[in-house]
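This report describes selected features of one protein model. Please view the sequence and the structure before reading on.

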Amino acid sequence: RDDDDINDVASMAGVNLNEESARIMATNSDLVGTQIQSCKDEPFLAAIPLHKRILETAKKLGITDVPAEVVTFISHATQSRLRSVLEKVTVITQHRMESYKDDEWYEQATDVRSQLKFFEQLERLEKQRKDEQEREILLKAAKSRVRQEDPEQARLKQKAKEMQQQELAQMRQRDANLTALAAIGPRKKRKLDAPGLLTTGGEGVGVCGGSQAGLGTASPRQYPRQKITRVNLRDFIFYMEQERDMSRSLLLYRALLK
């Protein structure tokens, strides 16, 4: 017994094994009696075509046998590489789509859209001025009473006549449209949140069942809309330009040529 006391290191250190076991059982009581097993290792790529491609490449290097573990490892490496590429490209796309218009730390320096609208308005006014000048010339030519008319004067009169007929047709069409709208009356907007209707993505869906159908009202349910990140070719080109291994690759040059 003296030898047992000497060799009992736990009791010499002041640790009671019974108390520790009871404490462990109380802490992890939900895990006691459960059986844990590893999941089946499923490769990301198809094993048979991938094995053939690896054998074709290995034969060029003088290797005749490639075990199945190599195929599985390459498949997992491809999955990990694709996941990292997608994560980086997604971050690039989110940065491109981020708007700094409402940020207090940024101020707008130029507004290209307003400038384009201004130029379009100038072009519209210039075209309107030229049309009015041409119209005045045609009206003067139509009112002229020259006996000996040259072919150019006759052409101007004919063009003025056609212009007047076109203006009359446009006025008649405008009057007909206004008369039709007055006969139809004001259009009524469709009520989407009417009782008994469930609004889902802009479409009304009837709901019947339970106590709600008896009362004739239904509480609208809101479905969270999943945000879609759309990656374009420009984002992927930017990613390849930042990567050291792909900045001078043939794939980047092909993408730039598209």
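The model is predicted: local features need pLDDT of at least 70, side-chain atom pairs count only at pLDDT 80 or more, and totals for chains, interfaces and linings use all residues. Residues are numbered from 1 along each chain as its sequence is written, and side-chain values use heavy atoms, without hydrogens and water.

A pocket is an open set of points on a 1 Å grid over the protein atoms alone, where a 1.4 Å probe fits, with protein on both sides within 12 Å along at least five of seven lines; its lining residues have an atom within 4 Å of a point.

| Pocket | Volume |
|---|---|
| Largest | About 290 Å³ |

The lining of the second largest pocket has 2 nonpolar, no polar and 6 charged residues. Helix H6 (112-143) supplies the largest share of this lining, 5 residues, and helix H7 (151-184) supplies at least two. In the largest pocket, the lining divides into 3 nonpolar, 2 polar and 4 charged residues.

Helices are DSSP runs (H or I, at least four residues), numbered from the N terminus. In helix H4 (residues 47-60), Leu50, Ile54 and Ala58 are buried (under 20% relative accessible area, 1.4 Å probe, protein chains only). Seen down the axis of H4, these buried residues fall within an arc of 70°, so they line one face of the helix. They pack against helix H5 (68-97), with contact meaning heavy atoms within 4.5 Å. Just after H4, Gly62 has a positive phi of about 85°.

Notes:
Expected span 1.5 Å × (residues − 1). Buried < 20%, exposed > 50% of the residue type's maximum accessible area, 1.4 Å probe, protein only. Arc of directions from axis to C-beta. Points joined across faces, edges and corners; volume = space filled by probe spheres on them. Nonpolar A, V, L, I, M, F, W, Y, C, P; charged D, E, K, R; others polar.
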